[in-house]
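Subject: Structure for you to look at

Hello,

Here is the structure I promised to pass on. Please open it and keep it beside you while you read my notes.

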Amino acid sequence: KIITKKEKLMLISLLIAIIISTYLSIYPITLIKQIVDFAVTRQRKPADLIFVGFWFLTLQVLAAIFLYQANYMQKKLQIFLSAAAQKDLYFNLIQTKLGYIKHKNYIQLSSTLLKDTEYIGENLIEPYTLLIKSILQFGFGFYFLCRIHLALSVLLFPLGMITSVIIQRVK
């Protein structure tokens, strides 16, 4: 099936919301650095600390809003795709001449196929969005960590990979 213009627009909006929510959830790492620097050096005014803390909180709230929006758009797009796939399947089942199948078996086959199509459609986009979120979180996180301290980032990268592999093995 060809994706309609509305579904393309929803998919683009979903990708934009994922990128923005991921960026806003990772960027506060730099604000934490500023807060720690303030606590260590005490060369800034307390108002600066309050301002950075306010931005940290604001970015976290915005990240949650965009994440909710991305999840909403993902579910809505999955419902659209599932309904379109079910409609196409149902239309094809009606057009197919299956005279050798008993009427009762034909109804069971149709019902099973429609349920399977619904399940597949409702879970079609989620793995891709999770993969995109993971890649973006890693990329943004590594970038901001490198901006804070390059040597520490290079040291933590292999340790993070080893820890990730161990956690996956334990599961």
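Phe 56 touches Pro 28, Leu 31 and Ile 32, leaving out residues up to four places away in sequence. Please remember that this is a predicted model. Phe 56 sits in helix H3. Is Phe 56 buried or exposed, or partly exposed? Its relative accessibility is 27%, so Phe 56 counts as partly exposed. Buried would need a value under 20%. Now find Ile 35. Phe 56 and Ile 35 are 21 residues apart in sequence. In space, their C-alpha atoms are 9.8 Å apart.

Stay on helix H3 and look at Gln 78, which also lies there. Gln 78 has a relative accessibility of 2%, so it counts as buried. What is Gln 78 in contact with, once neighbours within four places in sequence are left aside? The list is Gly 121, Glu 122, Asn 123, Leu 124, Ile 125 and Glu 126.

Next, the helix pair. H1 covers residues 5–26 and H3 covers residues 46–95. They pack at an angle of about 155°, and their axes are 8 Å apart. The cut-off for roughly antiparallel is over 145 degrees. H1 and H3 are therefore roughly antiparallel to each other. Their crossing is left-handed. What kinds of residues form the contact of H1 with H3? They divide into 17 nonpolar, five polar and three charged.

Now the cores. In soluble globular proteins, nonpolar side chains tend to be buried together. The largest nonpolar core here has 12 residues in all. Among them are Met 10, Leu 14, Ala 17, Ile 18 and Ile 26. Ala 70, Met 73 and Leu 77 belong to this core as well. So do Ile 125, Leu 136, Phe 140 and Phe 144. Which helices each supply at least two residues of this core? They are H1, H3 and helix H5, which spans 126–148. H1 gives the most, with five residues.

Best wishes

Definitions and conventions: Residues numbered from 1 in each chain as written. Predicted model: local features only at pLDDT ≥ 70, side-chain atom pairs only at ≥ 80, totals over all residues. Heavy atoms only, no water. Axes fitted to C-alpha atoms, helices over the stretch in contact; angles between N-to-C directions. Helix = DSSP H or I, 4+ residues; strand = E, 2+ residues; numbered from the N terminus. Parallel < 35°, antiparallel > 145°, perpendicular 65-115°, else oblique. Left-handed = near helix turned anticlockwise from the far one by under 90°. Nonpolar A, V, L, I, M, F, W, Y, C, P; charged D, E, K, R; others polar. Core = buried A, V, L, I, M, F, W, Y, C linked by side-chain atoms within 4.5 Å. Buried < 20%, exposed > 50% of the residue type's maximum accessible area, 1.4 Å probe, protein only. Contact = heavy atoms within 4.5 Å.
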